[in-house]
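This report is for a reader who meets the structure for the first time. Please look over the sequence and the structure before reading on.

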Amino acid sequence: MKKNLRIAAVMVTVALVAAGCGTPDEPPRPVSAEATATVPRPLNVQDPAEVPSPSGAPTCNPRASLRPPASMPKPNRMPVDSTMAEIQQRGRLIIGIDQNAYLFGFRDPGSGELVGFEIDFGREIARAIFGDPTKVEFRAITTAERIPKLQSEEVDLVIRTMSMTCERWQQVLFSTEYIPSRQRLLVRKADKINDFPDLKGKKVCATKGSTSIVTIAKQPYNLIPVSTDSTLDCLVLLQQGQVDAVSTIDILLAGLAAQDPTTEVTGTAVSDEPAGIGIPLEHRDMAGFVNGVLDKMRADGTWTDIYNKWLKERLGPATPPVPVYQN
């Protein structure tokens, strides 16, 4: 008992010293008037964000992609000299993904494995090349790295809720649309924010290099865009009270709301954001091949099975987007 009392006395003394109060026999030490408590921020936050200028890209139908071949090659029998044959020879497909997007690409806390809607799509493309869905290397990349990683061909594909735009079609190829989405808001329930006009003059977060950050800046309410490397970092800033809302595509916001029940998705949709799989600009044969895989997934129910597994509970039932081709 005496030993326990001595331990308790030491712990109280440590706590008092740590609090700047001195020992019980000493007078309290004053706390410096310059002392401040700073809430730590995620790395690479831009506040306010740098908003890219409009590029003046030609008009197009951003959903229109390249047609698949008349007949798809069988696994492990990719056409000679094709992009797919190079991947087959390498022995693995390399895909840039988001590892922090709950429901789309994230690490299962039990197994530590990457799982999610977009991860399953990547495995289906690997299955079509190798007959084996495990022959794929997933590389975590930021939103801003998606196009540079494709242009340098460090990855074969990017599956990371990448919006198809006419400007981006000048830099990379896209598959046909694999999931539709619209830009909305994520807010704290307690703040009673219903729509964009309620955020006049307030801070709104989105990822660097996204179309969302441009759309925030376009809203006529003097919103202050704040950018981060990942959407999950935006949720952290919202929880800390360092921004007033997160604005990006509704399918990602649903994942954030599922992680934090004190938040909710709200607001009018302010943009149409079809998501396509990003492909290097020179790999037109790969674009056609990926579209053939997506066509098969739509026809045989694989798309629906993956959607129901990851998204139906949060987003409701859905059917696959209808493919649109350039010719």
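**Basis**

This is a predicted model, in which local features need pLDDT of at least 70 and side-chain atom pairs count only at pLDDT 80 or more, while totals for chains, interfaces and linings use all residues. Residues are numbered from 1 along each chain as its sequence is written, and side-chain values use heavy atoms, with hydrogens and water left out.

**The chain as a whole**

The chain holds 11 helices and 15 strands; these are DSSP runs numbered from the N terminus, with at least four residues (H or I) for a helix and at least two (E) for a strand. Of its 327 residues, 46% count as buried. Buried means under 20% relative accessible area, exposed over 50%, and partly exposed in between, with a 1.4 Å probe and protein chains only. The chain exposes about 16400 Å², and carbon and sulfur atoms supply 52% of that area; accessible areas come from the Shrake-Rupley method with a 1.4 Å probe, and for residues only the protein chains shown count as cover. Among contacts (heavy atoms within 4.5 Å) between residues at least 6 apart in sequence, 71% join residues at least 24 apart.

**Glu273**

Glu273 sits in the loop between β13 (263-266) and β14 (275-280). Glu273 is buried but has no salt bridge, and the nearest side chain of opposite charge, Arg168, is 6.0 Å away. A salt bridge needs a side-chain nitrogen of Lys or Arg within 4 Å of a carboxyl oxygen of Asp or Glu; for charge, Lys and Arg count as positive and Asp and Glu as negative, while His and the chain ends are not counted.

The Glu273 side chain does make polar contacts, including one with the side chain of Ser163 at 2.6 Å and one with the side chain of Thr211 at 3.1 Å. A polar contact is a pair of N or O atoms within 3.5 Å; within protein, one must be able to donate a hydrogen and the other to accept it, and residues adjacent in sequence count only if both atoms are side-chain atoms. Beyond its neighbours within four places in sequence, Glu273 is in contact with residues including Ile179, Arg182 and Ile249.

**Glu118**

Glu118 lies in helix α3 (residues 117-130) and counts as buried, at 3% relative accessibility. Its side chain reaches the backbone nitrogen of Thr161 at 2.7 Å. Glu118 and Arg160 are 42 residues apart along the chain, and their C-alpha atoms are separated by 7.1 Å. Tyr178 is one of the residues in contact with Glu118.

**Aromatic rings**

The whole structure has 10 aromatic pairs. Rings of Phe, Tyr and Trp (its six-membered ring) pair if their centres lie within 6.5 Å; planes under 30 degrees apart count as stacked, over 60 as edge-to-face and the rest as tilted.

| Pair | Centre distance | Plane angle | Class |
|---|---|---|---|
| Phe117 and Tyr178 | 6.5 Å | 25° | stacked |
| Phe121 and Tyr178 | 5.5 Å | 45° | tilted |

Phe117 in helix α3 is 61 residues from Tyr178, which lies in the loop between β8 (172-174) and β9 (183-188). Phe117 is buried, with a relative accessible area of 0%, and Tyr178 is buried at 1%. Phe104, Phe117, Phe121, Tyr178, Trp303 and Tyr307 form one aromatic cluster.
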